[in-house]
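Subject: Handover of a structure and of the findings

Dear colleague,

Please find below the structure that I am handing over to you.

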Amino acid sequence: MDVEGVVREVHYVVPHSWVYLEVKDPKGETQLWALEATGRPALERSGVTADYLKPGDSIKARCHRLRDGSNGCLLGFLKDRNGVVKDWDGNGAIVPGDF
């Protein structure tokens, strides 16, 4: 699934990094989503640095929704404010053409 919103917090940590994203629901109300990514070392290998995302940035993410349906997902790809797409899963996957 694709999700878009505004970054509230970013935590580049081990074993998993986290992006907290403010997402508007269909009613226009803001929901906080937790996007789980690979750890900091794998993100650094894929070119994600500490200044890649900042609170207040508008982004788009492609991820796997949590099984329980809560507001979160396992992050695959993230498109930053400049349109640059990076792999946040750490598996070196090719960026999908429709993203």
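Y12 counts as buried because its relative accessibility is 17%; buried means under 20% relative accessible area, exposed means over 50%, and partly exposed lies in between, with a 1.4 Å probe and protein chains only. This is a predicted model, in which local features need pLDDT of at least 70 and side-chain atom pairs count only at pLDDT 80 or more, while totals for chains, interfaces and linings use all residues. Residues are numbered from 1 along each chain as its sequence is written, and side-chain values use heavy atoms, with hydrogens and water left out.

Surroundings of Y12

Y12 is found in the loop between β1 and β2. Helices (H or I, at least four residues) and strands (E, at least two) are DSSP runs, numbered from the N terminus. Leaving aside neighbours within four places in sequence, Y12 is in contact with S17, R40, L43, V48, T49, A50, Y52, L53 and W88; contact means heavy atoms within 4.5 Å. For one of these, V48, the C-alpha atom is separated from that of Y12 by 9.6 Å, although the two residues are 36 apart along the chain. The side chain of Y12 also reaches the backbone oxygen of T49 at 3.4 Å. This is a polar contact, that is, a pair of N or O atoms within 3.5 Å; within protein, one must be able to donate a hydrogen and the other to accept it, and residues adjacent in sequence count only if both atoms are side-chain atoms.

The loop that holds Y12 is also the place of P15. The peptide bond from V14 to P15 is cis, with omega near 10 degrees. Most peptide bonds are trans.

Aromatic rings

How many aromatic pairs does the structure hold? There are 3. Rings of Phe, Tyr and Trp (its six-membered ring) pair if their centres lie within 6.5 Å; planes under 30 degrees apart count as stacked, over 60 as edge-to-face and the rest as tilted. Y12 and W88 form a tilted pair, at 6.1 Å centre to centre and with 35 degrees between the planes. This pair links distant parts of the chain, since W88 lies in the segment after β6 (85-87), 76 residues from Y12. Both Y12 and W88 are buried. The pair W18 and Y20 is stacked, because the ring centres are 6.3 Å apart and the planes are at 20 degrees. W18 is partly exposed, with a relative accessible area of 27%, and Y20 is partly exposed at 24%. Y12, Y52 and W88 form one aromatic cluster.

A further ring, that of F99, has the charged end of K79 over it, 5.3 Å from the ring centre. A charge sits over a ring if NZ of Lys or CZ of Arg is within 6 Å of the ring centre and within 35 degrees of the ring normal.

The nonpolar core

The largest nonpolar core has 21 residues, and those with the most contacts inside it are V19, L53, L75 and W88. The elements that give two or more residues to this core are β1, β2, β3, β4 (58-65) and β5. A nonpolar core is a set of buried Ala, Val, Leu, Ile, Met, Phe, Trp, Tyr and Cys residues joined through side-chain atoms within 4.5 Å. In soluble globular proteins, nonpolar side chains tend to be buried together. Beyond four places in sequence, the contacts of L75 include V19, L35, A61 and W88.

Strands and their partners

Strand β2 (residues 17-24) and strand β3 (residues 30-37) run antiparallel and are joined by 8 bridges; two strands pair if DSSP finds at least two bridges between them. K24 has T30 in β3 as its bridge partner. The two strands form a hairpin with 5 residues between them, and G28 in the turn has a positive phi of about 90 degrees. β3 is also joined to strand β5 (residues 72-79) by 3 bridges, and these two run parallel. Here the bridge partner of A34 is G72 in β5.

Two further residues

T38 has its place in the loop between β3 and α1 (40-45) and is buried, with a relative accessible area of 18%. E9 lies in strand β1 (residues 2-11) and is partly exposed at 35%. The side chains of E9 and H11 are joined by a polar contact of 2.7 Å.

With kind regards
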